[in-house]
Amino acid sequence: MLDVNGAPICRGDWSIAYVDSEECIKEDGSAENAINGQTSDFWHTEPINSDGKTRNHPHELVIDLGSEQKISGMRYTPISGASNARIEGYRVYIGNDITTSRQP
């Protein structure tokens with residue numbers, strides 16, 4: 001996340017408030033990787049859920065910044081060399097209330 005001057009906001013107080021899917025069995029694709037600042041780490045959704053069914057899009061990741069912030073933008077680093085590593089058709093919602101329900 002970027003502040004009003006376009007500078008990165010300190011991630012020290014950030015936490016994952018909600019994630020609908022993360023791969024933690026076959027690889028370390030935990031949601032924490034999305035906010036830890038390490039470009040070699042990445043959040044990866046679970047390709048197949050516990051019922052053996054393919055996970056459908058969209059996926060949700062809710063980040064709690066730890067305090068009220070003024071946001072001017074965001075940046076993300078896609079997984080290097082992976083063809084499916086770019087976010088496609090995303091929406092960013094900013095607010096003071098944490099929600100975990102799918103938006104229409």
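How many disulfides does the count come to by the rule applied here? The count comes to 0 disulfides, a disulfide being a pair of cysteine sulfur atoms within 2.5 Å.

The structure is a predicted model, in which local features need pLDDT of at least 70, side-chain atom pairs count only at pLDDT 80 or more, and totals for chains, interfaces and linings use all residues. Residues are numbered from 1 along each chain as its sequence is written, and side-chain values use heavy atoms, with hydrogens and water left out.

**View 1. Cysteines Cys10 and Cys24.** Cys10 counts as exposed because its relative accessibility is 64%, whereas Cys24, at 46%, counts as partly exposed. Buried means under 20% relative accessible area, exposed over 50%, and partly exposed in between (1.4 Å probe, protein chains only).

**View 2. The polar contact between His59 and Asp20.** His59 belongs to the loop between strand 1 (15–19) and strand 2 (61–64); strands (E, at least two residues) are DSSP runs numbered from the N terminus. Although 39 residues separate His59 and Asp20 in sequence, their C-alpha atoms are 6.2 Å apart. Their side chains are joined by a polar contact of 3.2 Å (a pair of N or O atoms within 3.5 Å; within protein, one must be able to donate a hydrogen and the other to accept it, and residues adjacent in sequence count only if both atoms are side-chain atoms).

**View 3. Surroundings of Asp13.** Asp13 lies in the segment before strand 1 and is exposed, with a relative accessible area of 56%. Beyond residues up to four places away in sequence, Asp13 touches Asp64, Leu65 and Gly66, contact meaning heavy atoms within 4.5 Å. Asp13 and Leu65 are 52 residues apart in sequence, with a C-alpha to C-alpha distance of 6.1 Å.

Notes
Helices (H or I, at least four residues) and strands (E, at least two) are DSSP runs, numbered from the N terminus.
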